[in-house]
Amino acid sequence: MGILAGICLGLAGATMQWALKNPFASPYTLGISHTAVFGTYVAIIIGGASIGGGAFMILGTAGIFALIAAAIVLHISRRRWATPERVVLMGIVMVILSSAITTILMYFGGAGAVKETVFWMVGDLSRSSLDVLAYMAGTIVLCAIPLLLLIFIPSLFGVDEKRIRTYAMFVASLLVAITVYFTGTIGFIGLLAPHICRLVIGNDHRFVIPISGLVGAVLLIGSDLVARTVISPVILPVGVLTTLMGAPLLAYLIVREGRRAVGSA
């Protein structure tokens with residue numbers, strides 16, 4: 001599950017950075033992960049779904065909310081005033097709103113429903129099992145194949161680059177929703193992996209995007225190993241550890257872009 005989730009998050013993060021031309025973009029910083037989590041809460045607390053009996057409803061709702069968040073991000077990013085930093089700030093606004101509404105839902109939800117939703121608050125790989133892996137791998141293939149075709153053979157779709165980037169953004173958001181459903185919110189893998197790739201292989205998105213999936217898998221597995229051993233026998237949620245790694249990188253990128261803007265001015 002660590003490999004598959006890391007591939008999804010790495011692919012999604014690199015795709016979003018390419019589609020939006022934004023080095024700060026990732027499922028976490030744009031609020032897409034949190035909005036997908038909000039979708040799972042809506043399905044469980046309002047829709048009455050359960051992890052055992054309403055899995056497809058939960059996954060479908062998470063996907064719908066992730067696509068809505070992606071559409072909002074795309075709309076904002078095409079405004080004249082939309083610098084990369086402002087797009088991320090709007091993503092943070094979506095994080096705050098979805099978190100606040102989620103808290104309200106949990107407050108009025110039943111004890112059983114609230115207990116089921118706690119899993120998605122902090123990313124974890126503890127619910128992994130062999131039957132779950134089959135679903136995860138299958139959905140990755142269904143999403144990753146069209147995504148890679150969009151990137152490597154754009155002429156196959158007969159549309160301009162703007163629409164290609166839009167389609168890629170939506171497919172990446174579905175990958176995020178799938179990952180959120182199976183693992184909860186695991187932050188910053190989608191931000192770290194593409195930047196590590198660019199340091200090693202350059203900026204060609206045709207190579208950065210697929211290799212970011214592999215780097216994301218390595219990052220998530222490594223983070224999970226540390227989370228399981230750093231204060232053993234207590235196992236930390238891996239989402240906490242990835243957030244601790246990614247937050248300094250985001251701060252560094254913001255400072256670097258700010259200095260560049262000042263220098264060019």
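**View 1. Where the charges of the protein sit.** The mean positions of the 16 positive and 9 negative charges are 9 Å apart. Here Lys and Arg count as positive and Asp and Glu as negative, while His and the chain ends are not counted. Each charge is placed at NZ of Lys, CZ of Arg, CG of Asp or CD of Glu. Please keep in mind that this is a predicted model, where local features need pLDDT of at least 70 and side-chain atom pairs count only at pLDDT 80 or more, while totals for chains, interfaces and linings use all residues. Residues are numbered from 1 along each chain as its sequence is written, and side-chain values use heavy atoms, leaving out hydrogens and water.

**View 2. The helices.** You can look for 10 helices and 0 strands in the protein; helices (H or I, at least four residues) and strands (E, at least two) are DSSP runs, numbered from the N terminus. The C-alpha atoms fill a box of roughly 55 × 40 × 35 Å along the principal axes.

View 3. How many disulfides does the structure hold? There are 0 disulfides, a disulfide being a pair of cysteine sulfur atoms within 2.5 Å. For Cys 8, the nearest cysteine sulfur belongs to Cys 143 and is 7.6 Å away. Cys 8 is buried, with a relative accessible area of 1%, and Cys 143 is buried too, at 11%. Buried means under 20% relative accessible area, exposed over 50%, and partly exposed in between (1.4 Å probe, protein chains only).

**View 4. Inside the protein.** Of the 265 residues, 50% are buried.
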